[in-house]
Structure formats: structure tokens, C-alpha cells
Amino acid sequence: MKPKKGSLLEISNLHVSVEGIPIINGLDLVIELGEIHAIMGRNGSGKSTLANVLMGHPAYEITDGMIYFLGEKLSELSVDERARAGMFLSFQYPMTIPGVQVGNFLRKSVSAVSENKLSAKEFRMVLKDKMDVLQIDKSFLSRFVNDGFSGGEKKRMEILQLLLLNPKLAILDETDSGLDIDALRLVSKGINSASKNAGCLVITHYQRLLDLVKPDIVHVMIDGKIVKKGGPELAIEIEKKGYDWLEVIV
Amino acid sequence: MKEEMKEEMKPEEIVSEYKYGFNDSETAVIRFDKGLSEQVVRDISEIKKEPTWMTEIRVKAYHHFLERPMPTWGNEEMLNNINFEAITYFLRSSGKTATDWDDVPEEIKNTFDKLGIPEAEQKWLGGVTAQYESEAVYHSIREDLEVQGVIFLDMDSGLREHEELVKEYFCSVVPYTDNKFSALNTAVWSGGSFIYVPKGVHVEMPVQAYFRINAKNMGQFERTLIIADEGSSINYVEGCTAPAYSTESLHSAVVELIAHKSAKIRYSTVQNWSNNVYNLVTKRGVAHENSTIEWIDGNIGSKLTMKYPAVILKGQGSHAEIISVAYASEGMHQDAGSKIHHLASNTTSNILSKSISKNGGRSSYRGLVKVSKKANNCRSNVVCDALLLDEESQSDTYPTMEVANSSFDIQHEASVGKVSEEQLFYLMSRGHSEQEAMSMVVNGFFEPFTRELPMEYAVELNRLLEIEMEGSIG
């Protein structure tokens with residue numbers, strides 16, 4: 001199947017296994033630039049698998065189906081090529097990289113994904129601007145990447161990268177988990193700001209993030225499939241009724 | 001634009017330099033035949049017009065070298081492959097020691113250019129002595145150091161100009177009978193640095209020297225002696241690189257440090273010998289009352305390195321700090337570590353050792369912490385971390401404790417780790433290639449060492465590691 005012209009992301013009949021166990025079983029999804037999509041579902045429904053497989057985690061095997069990103073077959077791109085093509089994943093569990101300072105890491109990452117090289121001074125200005133948005137103290141820059149960070153600090157670090165790397169598709173894997181309401185507001189502000197020029201795929205358990213980041217489309221995932229699709233009201237319904245009523249539909 | 005080019009220098013441009021080396025045609029003025037005999041030892045001493053006592057020590061050391069068996073630790077197989085008859089023991093590369101940069105021969109300058117020596121000329125440097133082949137050909141010292149009475153000379157000049165000082169301390173920390181290679185060094189030593197810091201003088205800026213092997217089969221046997229008098233301090237930095245050669249080379253240095261009461265000596269080394277060099281070095285310091293000795297020791301190259309920087313904590317309240325890293329790739333064995341002797345009460349020591357093994361390389365940590373019976377309330381903290389980059393590589397730890405005093409407090413931690421797939425995935429998701437991601441993790445692993453180095457050394461070390469990570473991804 002040919003991708004629709006202009007689609008940011010198009011997934012058709014996707015099947016994914018991890019160590020031989022099928023996790024995603026025939027998933028279809030189209031995201032256009034400027035759209036915010038939310039995927040909701042229980043633990044183990046395959047939401048994070050979808051995030052990881054889009055970014056190219058080597059442990060996930062695509063057994064069937066196709067993914068097109070900006071008209072290109074995603075399977076032909078390595079993880080770093082996907083990043084440079086404009087894909088970004090905000091990790092549920094960001095990795096610690098001991099000995100690598102946040103400031104250097106951010107600078108190197110920005111220069112890895114962007115064609116226009118910023119001078120050190122320009123970079124500092126952009127960085128300061130984004131850090132202010134997220135209320136991140138500049139002492140962050142000399143700490144090591146995620147080393148000794150609290151859960152909230154790690155998530156803010158992810159959103160800082162989102163703002164700096166300026167992707168076309170932002171995948172946010174449970175970015176709201178473990179955040180208090182103030183941190184949630186900051187993170188949402190970041191996501192909203194990034195979503196102006198991008199498509200967003202927001203994976204979450206909870207309605208509370210979707211109060212702050214308004215989705216255009218809400219998908220419900222059960223057993224590796226999207227079982228229901230709707231507007232923002234669907235998220236509110238799930239918040240009230242849980243997932244059980246949807247399982248009947250399956 | 002130009003600035004950007006420099007910043008963005010391609011790793012392959014650097015690697016090609018290292019791969020092929022950059023040996024200038026030899027400009028030796030005096031060169032001895034290969035091989036060693038008592039006559040060669042006497043001739044070396046005579047050419048240098050040394051005092052008789054030095055000639056006698058050399059000859060005694062030579063005989064001890066002959067009698068002394070090879071070490072039975074480290075890597076016996078590699079050690080037994082050294083052909084001592086195939087080595088040139090003395091080579092003087094220019095007629096005299098230059099005191100002015102203009103006097104340094106053009107060919108030698110070219111080599112230094114490639115090594116980035118001119119940068120070391122920058123104002124913040126305390127002084128430069130560059131060892132080219134056997135003797136220092138260039139030596140400079142800032143006037144303010146001279147005014148403070150700091151002596152900074154190559155060892156040969158040190159012996160000529162400050163014979164009494166040299167006589168008092170030479171072999172006082174590392175006797176020639178210490179081991180086979182300290183005996184060899186004592187017999188044939190040439191060059192190295194001689195530093196004396198007077199009472200209460202603080203040399204704030206790092207003092208640097210560069211060493212390099214340039215002639216085929218040329219052994220380097222430099223001898224360094226640093227004396228920090230009461231309440232003084234000095235930060236000495238030494239960097240080594242060598243061009244690649246097909247025949248084996250031997251580097252066997254001896255470094256002796258003496259920190260008098262309340263003095264502080266920091267001795268930093270980054271060595272990047274080409275992977276056919278045997279690097280067999282004895283480094284030891286003696287710390288008197290309330291003094292501090294720090295060894296910052298980085299071993300990136302060589303075929304076999306056996307080096308265990310040591311501190312003898314002789315005076316009460318003295319302190320030792322040893323931070324070392326080792327990187328072993330294919331065909332390489334880094335047998336490195338540290339030795340601490342707590343001889344006096346209230347002495348403390350910290351040891352941090354980090355190693356990376358790749359492509360079948362082998363890193364060993366060999367450490368000794370010894371506490372004498374009379375030494376009360378001493379503390380030691382030992383941390384050894386190893387990072388293995390693949391399945392074929394190897395890391396071993398041989399810690400030894402000999403504790404004769406029950407009040408001793410020791411912490412010992414050891415870990416062996418791998419670069420996780422999740423770390424690489426995370427970094428690659430930020431646009432870094434697998435190789436860049438690997439370099440980042442590796443550089444981060446060495447960071448506790450790198451942060452102790454002057455900036456330019458830290459940058460060079462990180463670049464070296466980036467080059468080393470090339471082709472490491474299957």
C-alpha cells in the first residue's frame with residue numbers, strides 16, 4: 001500500500017514480537033503533521049512496544065505490516081537515522097549515562113540532528129530559553145545525563161530534549177507518570193509548544209495529561225490492537241468507566 | 001569557518017596519522033650499536049661526562065639486571081619475547097640541548113608540530129621539556145619559576161648542575177635492585193626531568209613534558225626525579241605518543257618523587273605508545289609528614305604495560321591518591337595498578353582504577369595495600385571498575401592486602417560491566433551513530449580520570465578514545 005501523500009506517519013497492519021512473543025497484532029494508525037494523537041490502554045496492552053518499535057529498538061521484531069515515516073519505509077532507517085529524519089521518543093525510563101555532562105550531551109545531540117549548525121553562543125541562548133520554559137536550573141547542565149535525577153527531573157530532561165531537537169514526530173511514552181501537578185503543567189507546556197510544528201503521539205494511562213495537552217484523536221489499545229478511536233471525550237469516558245466495557249467490543 | 005573546520009576534524013584524519021605514524025628520518029649524531037654490555041654502559045656515562053659515582057651505579061645496576069630474573073607476574077610470555085640484544089641503548093639526536101626554540105632542528109620541530117607541542121608553549125604552561133629520542137632537545141622555563149628558585153631541567157643537566165641533590169635522592173625511592181627493569185633503567189638511563197621545588201613555593205601551573213619514541217628499536221630509558229621541599233607543591237604533566245613501528249620497542253622509565261613535610265606532588269601521565277611498545281615503568285613516591293602524592297595515570301597504548309604507581313606513606317598524616325585508567329585492545333595487555341604502603345599512623349589513601357577492554361584486549365588491575373604494625377588509624381578506599389566492550393575481551397583483578405594493624409579501615413569495591421543495549425538505544429535516539437554512542441559511554445566511563453587532566457589532555461584523550469571506538473561496532 002502506498003502512503004498517502006503528505007502523511008507524517010502511516011502504520012498499516014503492524015505485527016510486532018519480542019523474543020518470539022507477539023505483542024502488537026495488526027495495528028493501523030495515521031498521524032498528520034500538527035495532530036496530537038493519544039494512545040490509552042492498560043499496562044501490557046502494547047503501547048510502549050509501539051513507541052519502541054517506531055524508534056527502532058533492536059529487541060522488537062516487526063513480523064508483518066508496514067510503517068512509513070514522511071513517505072519513507074521506516075524499517076530501512078537505523079535508530080539514529082530516524083532521529084535525524086525528525087523522530088523523537090521521550091522515554092518512559094530514560095537511561096543514565098555516567099560521566100557525560102548534560103550540557104555537552106545536549107549540544108552534541110542538537111548538532112547531530114540539525115542541519116543548521118548553531119554557534120556555541122546561539123546554542124546557549126536557545127538552551128537558556130527552553131530551560132526557562134521548563135523551569136530547569138542551570139546547575140543541571142554540569143550534572144551527568146539522568147545520573148541521580150529524580151523521576152520528575154528525568155521527565156523534564158526528556159521534554160527539554162524534545163524542545164531542543166525540534167522533531168517532526170514526537171512520541172511521548174508515559175511522560176506524565178510519576179509527575180506532580182506542577183511538573184505535569186510544565187511538561188504539558190513543553191509538549192504543547194513542540195506540537196505546533198510536529199505530530200504528537202502521546203502514550204498515557206491517565207486523563208489528567210490530556211486535560212493539559214488536548215488530543216485531536218484518542219485511540220484505545222487492547223491486546224496489541226486499536227479497538228476504539230474517538231475525540232477527546234473518549235479519554236474522559238475511559239477515566240470514568242475504565243477499559244472493561246471496551247473489551248466486550250473486542 | 002576555519003574555526004569550525006578545526007572543531008569538526010574528522011576522526012579518520014587523526015587516525016591516519018596514528019596508523020602510519022610520522023617518523024622523520026633519524027637525525028642521530030651519536031648512535032650506539034644494538035645490544036648491551038658493561039662497555040656500552042660505561043660509554044654512555046663517559047659521553048655524558050658523568051661523575052664516577054654515577055658510572056659505578058650504572059655498572060652495578062647493569063650486573064644486577066643480568067642476574068635478576070624476569071618478573072613472574074604480568075605477562076611472562078610477552079616479557080620473554082623481549083630481545084634485549086635488538087635494542088639501541090643510546091642515541092643522541094642533536095649535538096646539544098637547545099635552550100631556545102630557534103635552535104631546535106627543523107625535522108624535530110615538524111614532529112612536535114604534529115604532536116601539538118606549540119600549544120604547550122602557551123602562556124599558562126609552567127615550562128616545556130620535550131624528550132626526543134634520548135635527550136631533551138628543548139627546554140624552557142618561565143622566568144617567574146626561575147625567580148622562585150624552582151629547578152626544572154632535563155635529568156642530564158640536573159646531574160651536571162645539581163650533582164649533590166641528585167646524589168642524595170637518585171635511587172633513594174626506587175633502588176636499582178627493586179626489579180629487573182629499574183636495574184636496566186639505572187644502567188642506561190638518559191633524559192627525563194629533574195625538578196626541585198624549594199620550601200614553600202607553589203608551582204600553580206602544570207609543568208609539562210612530552211615523550212616520544214622515534215627511532216626503530218630505540219629504547220627510552222628516561223629517569224625522572226622530583227623533589228618538593230617542605231610546604232611546596234607542584235603539578236607535573238607528561239604525555240606520551242609514539243608512531244607505529246613494525247619492530248618492537250622498549251620503554252622502561254623510572255620516576256622517583258619525594259614529597260617533604262606538608263608538600264604536595266601531582267604527577268599526571270597520559271601514555272599512548274604504539275601497540276608494539278613494551279611499557280615497563282617503575283613509578284614511586286615517598287610521602288613525608290602531612291604531605292600528599294597523587295598519581296594520575298592513563299595507559300591507552302602499548303603492547304604490554306606493567307606499571308604500578310606506588311606511594312610510601314612514611315610520615316604521619318600523609319595521603320596518597322592514585323587514579324588510573326587503562327584501555328586494552330587487540331593484542332594488548334594492560335597490567336596496571338597501584339601500591340600503597342601505610343608505614344605511619346593516620347595515613348590515608350584513595351585508589352580509583354578504571355579499565356576498558358575491547359577486541360580481545362586484556363586489562364588487569366594489580367594492587368597492593370600494605371599496612372605496617374606501627375601504623376595506627378589508617379584508612380584506604382579502593383575502587384576498581386572494568387568495562388568490557390565485547391565477549392572476547394578480558395578483565396582481571398588481583399588485589400592484595402597485607403594488614404598488620406587492626407585499626408585499619410578499608411573499603412574495597414570492584415565491578416565489571418558492559419555497555420548496555422538500552423544506553424546505546426537511548427543515545428542513538430538522539431541522533432548519534434552507534435559508534436558515537438559507544439564513544440560517549442566510554443568517555444563518560446573514564447570521566448573521573450579525564451576531569452583531573454588539564455583541558456588539552458582531556459580533549460586529546462577523548463579524541464583518542466573516539467578513534468579507538470572506530471570499527472568496534474559489528
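This is a predicted model: local features need pLDDT of at least 70, side-chain atom pairs count only at pLDDT 80 or more; totals for chains, interfaces and linings use all residues.
## Chain A overall

Chain A contains nine helices and twelve strands. Its C-alpha trace spans about 55 × 40 × 35 Å along the principal axes. The radius of gyration of chain A is 18 Å, which agrees with the value near 18 Å that a compact globule of 250 residues would have.

Of the 250 residues in chain A, 42% count as buried. Taking the contacts in chain A with a separation of 6 or more, 72% come from residues 24 or more positions apart.

## The six-stranded sheet of chain A

Six strands of chain A form an open sheet in the order β6-β9-β10-β3-β11-β12, and the pairing is mixed. Its edge strands are β6 (87–90) and β12 (225–230) of chain A, each of which pairs on one side only. From one strand to the next, the twist averages 20°.

Strand β9 (residues 169–173) of chain A runs parallel to strand β10 (residues 199–204) of chain A, and five bridges join them. A:I171 has A:L201 in β10(A) as its bridge partner.

## Helices on the sheet of chain A

Helix α5 (residues 151–165) of chain A packs on the sheet and touches β6 and β9 of chain A.

Helix α8 (residues 232–241) of chain A lies across β3 (36–40), β11 (217–222) and β12 of chain A. Its direction is at about 45° to β11(A).

## A loop residue in chain A

A:S139 sits in the loop between α4 (120–133) and β8 (144–145) of chain A. A:S139 counts as exposed because it has 8 C-beta neighbours inside 10 Å, and a residue is exposed at 12 or fewer. Along the chain, A:S139 and A:G103 are 36 residues apart, and their C-alpha atoms are separated by 9.7 Å.

## Contact between the chains

In the contact between the two chains, 19 residues of chain A meet 18 residues of chain B. On the chain A side, the elements that give two or more residues are α2 (79–85), β7 (97–101) and α3 (102–113) of chain A. By class, this side has 13 nonpolar, four polar and two charged residues.

## Chain B overall

Chain B has 15 helices and 23 strands. Of its 474 residues, 52% are buried. Among the contacts in chain B between residues at least 6 apart in sequence, 83% join residues at least 24 apart.

Strand β17 (residues 319–328) of chain B is largely enclosed by the rest of the structure, because nine of its ten residues are buried. The cut-off for a buried residue is 20 or more other C-beta atoms within 10 Å of its own.

β17(B) pairs with strand β14 (residues 292–299) of chain B in the parallel sense, over eight bridges. In β17(B), B:E321 stands opposite B:E294. β17(B) also pairs in the parallel sense with strand β19 (residues 348–357) of chain B, over ten bridges. Here B:A320 stands opposite B:S349 in β19(B).

## A helix pair in chain B

Two packed helices are described by the angle between their axes and the distance between the axes. For helix α4 (residues 52–67) and helix α11 (residues 180–188) of chain B, the angle is about 145° and the axes are 7 Å apart. The crossing of α4(B) and α11(B) is left-handed.

On α4(B), the contact is made by B:I57, B:R58, B:A61, B:Y62, B:H64 and B:F65. The residues of α11(B) in this contact are B:K180, B:A183, B:L184, B:T186 and B:A187. By class, the residues of the contact are seven nonpolar, two polar and two charged.

B:P51 is in the loop between α3 (38–47) and α4 of chain B. Since B:P51 has 14 C-beta neighbours inside 10 Å, this residue counts as partly exposed. B:P51 and B:R160 are 109 residues apart in sequence, and their C-alpha atoms are 8.6 Å apart in space.

Note on methods:
Residues are numbered from 1 along each chain as its sequence is written. Chains are lettered from A and ligands numbered from 1 in the order in which they are written. Axes are lines fitted to C-alpha atoms, for helices over the stretch in contact, and angles run from 0 to 180 degrees between N-to-C directions. Helices (H or I, at least four residues) and strands (E, at least two) are DSSP runs, numbered from the N terminus. A crossing is left-handed if the near helix is turned anticlockwise from the far one by less than a right angle, and right-handed if clockwise. Two residues are in contact if their C-beta atoms, placed from the backbone, lie within 7 Å. Ala, Val, Leu, Ile, Met, Phe, Trp, Tyr, Cys and Pro count as nonpolar, Asp, Glu, Lys and Arg as charged, and the others, Gly among them, as polar. Two strands pair if DSSP finds at least two bridges between them. The radius of gyration is taken over C-alpha atoms; the globule rule is 2.2 Å times the number of residues to the power 0.38.
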